[in-house]
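Have a look at the fold below before reading on.

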Amino acid sequence: MPVASLTQTAPSDVAAPEFSRECVEFFSEAAQIFGVPPSVGQIYGLLYASPQPLSFTDIVARLGISKGSASQGLQMLRSLGAINAATHDDDRREYFEPEMSLRKLVGGVLNGRITPLVAAGPERIERLRRLADDGGAAKDFYLDRVEQLETWRSRLKLALPVLNTLLGPKRGR
């Protein structure tokens, strides 16, 4: 998706538009790898490349995305802990900046997406096991798949604490 207004920067900062465009593209592609809408990655990339926090209006204008996409993207980034927001007394608008702590970013994804999936796993796997038992001629195939899912879930459950430990101690920015 072409980025609309990234070229609207101060003339003295020649690298800014290209740097911003490259960050927006990089994070857009990274987001898609995880099945996240590209606009979420674009928003994070824009914030990542910006020396100052940006408002909702700034984000919509610079990326040329709809207000709905911007709103949903910011909401998702907030839920993952990937952005920080603050209001300014002078205009009361919210301004956003990227979370720069890898621990917080990965922790947000782990806690927001992976941990709930692992926690809900036993009930879902049990339902799959009951369905597999009714699988007729393909019963053994289905049961093998259920066992594979259970193995994956168990390994992921063991890996979560290790990943949290690898991220290091909790610290501020």
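This is a predicted model: local features need pLDDT of at least 70, side-chain atom pairs count only at pLDDT 80 or more; totals for chains, interfaces and linings use all residues.

**The chain as a whole**

How much of the chain is buried? Of its 173 residues, 31% count as buried. The accessible surface is about 11,200 Å², and carbon and sulfur atoms hold 57% of that. As for contacts, take those with a sequence separation of 6 or more: 51% of them link residues 24 or more positions apart.

**H3 against H4**

Now zoom in on helix H3, residues 56–63, and helix H4, residues 67–79. Their axes sit 10 Å apart, and the two helices pack at an angle of about 120 degrees. Angles of 65 to 115 degrees count as roughly perpendicular and those over 145 as roughly antiparallel, so H3 and H4 are oblique to each other. The crossing of H3 past H4 is right-handed.

Which residues make the contact? On the H3 side they are Phe56, Ile59 and Val60, and these meet Lys67, Ala70, Ser71 and Leu74 of H4. Sorted by class, that contact has 5 nonpolar residues, 1 polar and 1 charged.

**Two arginines**

Next, a pair of arginines in two other helices. Arg127 lies in helix H5, residues 102–133, while Arg153 belongs to helix H6, residues 139–166.

Is Arg153 buried or exposed? Buried means under 20% relative accessible area, and Arg153 has 15%, so this arginine counts as buried. Arg127 has a relative accessible area of 42%, which makes it partly exposed.

What does Arg153 touch? Leaving out neighbours within four places in sequence, Arg153 is in contact with Val118, Gly121, Pro122 and Ile125.

| Pair | Separation in sequence | C-alpha to C-alpha distance |
|---|---|---|
| Arg153 and Ile125 | 28 residues | 9.4 Å |
| Arg127 and Val146 | 19 residues | 9.7 Å |

Technical notes: Residues are numbered from 1 along each chain as its sequence is written. Side-chain values use heavy atoms; hydrogens and water are left out. Axes are lines fitted to C-alpha atoms, for helices over the stretch in contact, and angles run from 0 to 180 degrees between N-to-C directions. Helices (H or I, at least four residues) and strands (E, at least two) are DSSP runs, numbered from the N terminus. Angles under 35 degrees count as roughly parallel, over 145 as roughly antiparallel, 65 to 115 as roughly perpendicular and the rest as oblique. A crossing is left-handed if the near helix is turned anticlockwise from the far one by less than a right angle, and right-handed if clockwise. Contact means heavy atoms within 4.5 Å. Ala, Val, Leu, Ile, Met, Phe, Trp, Tyr, Cys and Pro count as nonpolar, Asp, Glu, Lys and Arg as charged, and the others, Gly among them, as polar. Buried means under 20% relative accessible area, exposed over 50%, partly exposed in between (1.4 Å probe, protein chains only). Accessible areas come from the Shrake-Rupley method with a 1.4 Å probe; for residues, only the protein chains shown count as cover.
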